[in-house]
Amino acid sequence: MANIVKVGMADLNVCKSPEGITTLGLGSCVGICIRDPVLKIGGMAHAMLPDSRQIEHNSNRAKFVNTGVEDLVKKLVAMGGRQARFEAKIAGGAQMFAFQNKSDMTRVGERNVEASKKKLKELGIPLKAQDTGLNYGRTIIFYPETGDLVIRSAGKPEKTI
């Protein structure tokens, strides 16, 4: 069985084949998985908020989509990856609670997904698949060797994208 690298909330990490990488409890948070399919290396960021520029005194860059994705790409390049080959998959970004108003404060999951797509596009990294939105949490495991992203949710069948 391959070693599975763990990524905490507001955290990021990288791994190489045959390892996989996992994070637990994605609610409104988004898991951004990037890999280099030639070197079979990859990584994951577990981002809580869309944009670091909207929060003062933020020292944890992995907490935010914009800076977390940038740092994940840098780590993969430092491992020998080529950004021109990178591809991504994302999961999470749920609306975990029912709110009457649709203010930006209550749309965190949706905003995290939008920010992820925007940042990946800005960096020229194609988004190959996503499992986002709705109203349930997700635990994900990403395998850079195959690009498989396994999604587990309570009361739902496991799926792979």
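Q: How many helices and strands does the secondary structure of the protein chain come to?
A: Two helices and ten strands, where a helix is a DSSP run of H or I with at least four residues and a strand is a run of E with at least two, numbered from the N terminus. This is a predicted model, so local features need pLDDT of at least 70 and side-chain atom pairs count only at pLDDT 80 or more, while totals for chains, interfaces and linings use all residues. Residues are numbered from 1 along each chain as its sequence is written, and side-chain values use heavy atoms, with hydrogens and water left out.

Q: In what order do the elements of the protein chain run from the N terminus on?
A: They go β-β-β-β-β-α-β-α-β-β-β-β.

Q: Why does the radius of gyration of the protein chain agree with a compact globule?
A: The rule is 2.2 Å times the number of residues to the power 0.38, with the radius taken over C-alpha atoms. For 161 residues a compact globule would come out near 15 Å, and the protein chain has 15 Å, so the two agree.

Q: What makes aspartate 51 and arginine 53 a salt bridge?
A: The term asks for a side-chain nitrogen of Lys or Arg within 4 Å of a carboxyl oxygen of Asp or Glu. Here the N to O distance is 2.9 Å, and the two side chains meet in a salt bridge. By this rule the count comes to twelve salt bridges.

Q: Which parts does the pair of aspartate 71 and arginine 61 tie together?
A: Their side chains meet in a salt bridge at 2.8 Å, N to O. Aspartate 71 sits in helix α1 (residues 65–78) and arginine 61 in the loop between β5 (41–47) and α1, so the pair links parts that are ten residues apart in sequence. Aspartate 71 is buried at 17%, whereas arginine 61, at 34%, counts as partly exposed. Both belong to a network of salt bridges that also includes Glu70, Lys119 and Glu122.

Note on methods: Buried means under 20% relative accessible area, exposed over 50%, partly exposed in between (1.4 Å probe, protein chains only).
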